[in-house]
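Subject: Structure handover

Hello,

Here is the structure I promised you. Please open it before you read on.

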Amino acid sequence: MVAVAILAAGRGTRMKSDLPKVLHQLGSCTLVERVLESCVSIQPSRIIVIVGYRGDLVQNSLLDNNNNIDNDNIPTLEFVEQTEQLGTGHAIQQLLPYLKEFSEDLLVLNGDVPLLRPETLQELIETHKENKNSATILTANLPNPKGYGRIFCDTNNFVTQIVEDRDCTTAQKQNHRVNAGVYCFNWPALAKILPELKADNDQKEYYLTDVVPLLNPVMAVDVNDYQEIIGINDRKHLATAYQILQMRVKDNWMAAGVTLIDPDSITIDDTVLLQRDVIIEPQTHIRGRTLIGAGSRIGPGSLIENSQIGKNTSVLYSVISDSVVADNTRIGPYAHLRGDSQVGSHCRIGNFVELKKAKVGDRSNAAHLSYLGDASLGEKVNVGAGTITANYDGVKKHQTKIGDRSKTGSNSVLVAPVSLGEDVTVAAGSVVTKNVEDDCLVIARSKQIVRKGWRLKQGDNG
Ligand code: UD1
Ligand code: CA
């Protein structure tokens, strides 16, 4: 068993942000959530998060029940404060009083290295244990190593020194082998030498990397895929990491039987689930906890967020959030479903139709220019073009109910609270303010007046 320490106290000056760096979003998760996620499968005995700059924000976000952390599979998070951010070595020094009795290995993760694969960490720990190292460091050969600490090894792959990019000589900068910011330490060995660190460098900080010459043996382990170790220091890195993540996610779904037409124009959060033979068309974005059922076609031009879409359903140029759509239904073009809406099977919702907290029964249609808010529609209902549920009286929202097989004529307004029974027909242009029983025609508009031979008098037209 190992304990994990996550370095999350830094401000992240290069992000130029009010938000602590580790709380920036990378897809559906924050950076630090991703770092946590990467170590879940190694089953750490403890996880300690070192917080500092706006530490309360970081702590609250990690303890928030609505975040993406799988709390059932990790030990209760522990937080240690680094009040002044004097460097990564200083951050780990804060653990000294806290881990006095601790005698196992400590895996140290940078809170801004979010794309590590669990297998990589597993491998690092295994190598560490097999070789009984004092420290084992994850390294990579980068095509562009700018900004990373460079690793120097002797002929037996033992690390002799890590030099930060800014402290490197021109010759040292030619070395493309970098420190990933991921380390496995024998804690008692590290604890012994941690107090000896000096802030003798360009930044006047206590570098964790300076423990290397003080420990023995220190081994380097190269990562298989260098893209895993990208560290996020600025917004450009964040964008690059997002692209890498997207590539991973999309490759997985294509391998699992999903068609992506023009993958570069599509984004899919890694929290999304897609069944076989789903087709995603260009300019489509699928986010959060979304499930798309087998054979459905999404897009072009759609955004689906925290929603469930059934099987063989199509969504064209539409936005769906926090809603559920059943099988064999057609959504769009240009529909907006939100606020816990539920649409049944074999329905058609589209051509500028908005649903908010609306329940639509099977085989019902709202095909043109409607707003259905706080409404509950039965089965086989036909909502005429331009039908509006007037659900808001300026203070409160009210419910509209429409029974099975009822039809609303074009441009009708249903003033809530109001309930239409089953098999009701609402005449076009009606403003319905009172409940209507089953099997009725309701006409709620002024009668048409026709005056034969009527003409404007001279001068009346201005
Ligand atoms: C660090 C490494 C560098 C490595 C790179 C990999 C050091 C000295 N350098 O550099 O060798 O190549 O990561 O990405 O460690 N933090 C604290 N407290 C502090 C300072 C930082 O908790 O006082 C945290 C930050 O929140 C961040 C992490 O430590 O999550 C790394 O800090 P950062 O300043 O980004 O280090 P780098 O310059 O990237
Ligand atoms: Ca960094």
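Below is what was found, topic by topic.

First, the ground rules. This is a predicted model, where local features need pLDDT of at least 70, side-chain atom pairs count only at pLDDT 80 or more, and totals for chains, interfaces and linings use all residues. Residues are numbered from 1 along each chain as its sequence is written, chains are lettered from A and ligands numbered from 1 in the order in which they are written, and side-chain values use heavy atoms, with hydrogens and water left out.

The pocket. A pocket is an open set of points on a 1 Å grid over the protein atoms alone, where a 1.4 Å probe fits, with protein on both sides within 12 Å along at least five of seven lines; lining residues have an atom within 4 Å of a point. The largest pocket holds about 1,000 Å³ of space. Its lining has 36 residues, and the closest to the centre are Arg14, Lys21, Thr88, Asp112 and Asn233. By class, 11 lining residues are nonpolar, 17 polar and eight charged. E10 gives the most, with four residues. (Helices, H or I, have at least four residues and strands, E, at least two; both are DSSP runs numbered from the N terminus.)

The calcium ion. Ligand 2 is coordinated by Asp112 (OD) and Asn233 (OD1), at 2.2 to 2.4 Å. Donors are N, O and S atoms within 2.8 Å of the metal (3.2 Å for Na, K and Ca); water is not among the atoms, so sites may look incomplete. Asp112 sits in the loop between E6 and H5, and Asn233 in the loop between E11 and H8, 121 residues apart. Asp112 is buried, at 11% relative accessible area. Asn233 is buried too, at 14%. (Buried means under 20% relative accessible area, exposed over 50%, partly exposed in between, with a 1.4 Å probe and protein chains only.)

Helix H1. Nine of the 10 residues of H1 (31-40) are buried, so the rest of the structure largely encloses this helix. Among them are Leu31, Glu33 and Arg34.

The sheet. Nine strands form an open sheet with parallel pairing. E14 and E38 stand at the edges with a single partner strand each, so one side of each has no neighbour in the sheet. Two bridges join E23 (324-325) to E26 (342-343). Strands pair if DSSP finds at least two bridges between them. Val324 stands opposite Gln342.

Best wishes

Technical notes: Points joined across faces, edges and corners; volume = space filled by probe spheres on them. Nonpolar A, V, L, I, M, F, W, Y, C, P; charged D, E, K, R; others polar.
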